[in-house]
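Here is a short report on selected side chains, strands and cross-links. Please keep the sequence and the model open while reading.

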Amino acid sequence: MALWGVVATAVVMSTVSAARLSNVRPIIDTNGSIMITGEADVLRVGSDYFFFFDNWGDCRNAVCAQPTNACCEAVKSSECIYATNHTVVAYSTTDFERWTNHGVMLGVDARARGTLFRPHVVHNPHNNLYTMWFENFNQTGDPAACGPATGGCHYSVATSPHPAGPWKTVRDAANGAKFKCSTAEGDFDLFVDKDGAGYIVVTHYTELCIERLTDDFTDGTGETYTIPGQNLTGVAGEAPVMFHRNGLYYVTWGSGCCACSVGASVFVHVARSPLGPYRYLGDV
């Protein structure tokens, strides 16, 4: 809940009014139910903020005390974290006080078998569809079976005419999204520039790879830029974010901490174009 509180407060503070959210008290939606939270993405549509969460079902307390390899291995062996029953749920709000529950956006029957992680949603101005990318892997039941050697890991794509659905998976499993930056499975983010061009930024844990997307936002174009993250920060990285502000493009990412509760750094890179060159500004 701590990350959730920070994210929501940061979004609200960019608007006219602010709302106070608690890191220890659950949020109740308009159905009277406790909000389901997990790996999150937020999309502003007019005056509405849509939050998309990876619902891990009954998985609780899946954290570790230290960011160690042993911790990561313990997480991989968890029966709920790397399970195949994850779904994507959505909520919307205009004031961060009333939360509308839109239900399941992407169920287990709407994609190939595998572990769903990290949903990200953007609006595509070229076809006026909302596009969701998500990681879908572990089809073999082995969370370590990932990457080009096994073929067990994929980035899947779904589209919808409205952020609240209905969503349809259009790229999945062996027909997953194809792009040059996908040489390894990793956290990612989607970004749409002011000219309508779409980009994906992927962490390979020792570097960041940015690639321009095709106009339908379902594949990469092969136009890439690589940020040698470990050479600059000295640590592996996760959870990249890409955005534009005051004529500059920013990419941030955190230090590698596998399902860890101890927090992370935020490293910042900046450029004058989405495909670089980027320079490292430091850890904020």
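Predicted model: local features only at pLDDT ≥ 70, side-chain atom pairs only at ≥ 80, totals over all residues.

Residues are numbered from 1 along each chain as its sequence is written, and side-chain values use heavy atoms, with hydrogens and water left out.

**Arg 111 and Asp 172**

Start with Arg 111. It sits in the loop that runs from strand 4 (100-106) to strand 5 (115-124). Helices (H or I, at least four residues) and strands (E, at least two) are DSSP runs, numbered from the N terminus. Arg 111 is buried but has no salt bridge. Buried means under 20% relative accessible area, exposed over 50%, and partly exposed in between (1.4 Å probe, protein chains only). A salt bridge needs a side-chain nitrogen of Lys or Arg within 4 Å of a carboxyl oxygen of Asp or Glu. For charge, Lys and Arg count as positive and Asp and Glu as negative, while His and the chain ends are not counted. The nearest side chain of opposite charge to Arg 111 is Asp 172, at 6.7 Å.

What does the side chain of Arg 111 reach at 2.9 Å? It reaches the backbone oxygen of Gly 114. Arg 111 also makes a side-chain to side-chain polar contact with Asn 136, at 3.2 Å. A polar contact is a pair of N or O atoms within 3.5 Å; within protein, one must be able to donate a hydrogen and the other to accept it, and residues adjacent in sequence count only if both atoms are side-chain atoms. Leaving aside neighbours within four places in sequence, the residues in contact with Arg 111 include Thr 84, His 86, Phe 134 and Asp 172. Contact means heavy atoms within 4.5 Å.

Asp 172 lies in the loop between strand 8 (168-171) and strand 9 (188-192). Its relative accessible area is 13%, so Asp 172 is buried. The side chain of Asp 172 makes a polar contact with the side chain of Ser 156, at 2.5 Å. Beyond four places in sequence, Asp 172 is in contact with Arg 111, Ala 112, Asn 136 and Ser 156. Asp 172 and Phe 134 are 38 residues apart in sequence, yet 9.6 Å apart in space, C-alpha to C-alpha.

Strand 11 (residues 208-213) is mostly covered, with five of its six residues buried. It pairs with strand 10 (residues 198-203) in the antiparallel sense, over five bridges. Two strands pair if DSSP finds at least two bridges between them. Leu 208 in strand 11 is the bridge partner of Thr 203.

Strand 11 also runs antiparallel to strand 12 (residues 220-227), joined by five bridges. Here Ile 210 stands opposite Tyr 225 of strand 12. Strand 11 and strand 12 form a hairpin with six residues between them. In the turn, Phe 217 has a positive phi of about 60°.

**Salt bridges**

How many salt bridges does a search of the whole structure find? It finds three.

| Pair | Closest N to O |
|---|---|
| Arg 118 and Asp 187 | 3.9 Å |

Take Arg 118 and Asp 187, joined by a salt bridge. Arg 118 is in strand 5 and Asp 187 in the loop between strand 8 and strand 9, so this pair ties together parts 69 residues apart in sequence. Arg 118 is buried at 14% relative accessibility, and Asp 187 is buried at 11%.

Arg 171 lies in strand 8 and Asp 219 in the loop between strand 11 and strand 12, so the pair ties together parts 48 residues apart in sequence. Arg 171 is buried at 12%; Asp 219 is buried at 16%.

**The disulfide**

A whole-structure search finds one disulfide, defined as a pair of cysteine sulfur atoms within 2.5 Å. Cys 181 and Cys 209 form it, with their sulfur atoms 1.9 Å apart. Cys 181 is in the loop between strand 8 and strand 9 and Cys 209 in strand 11, so the pair ties together parts 28 residues apart in sequence. The link of Cys 181 and Cys 209 is left-handed, with -70° about the S-S bond. Cys 181 is buried at 0% relative accessibility, and Cys 209 is buried at 6%.
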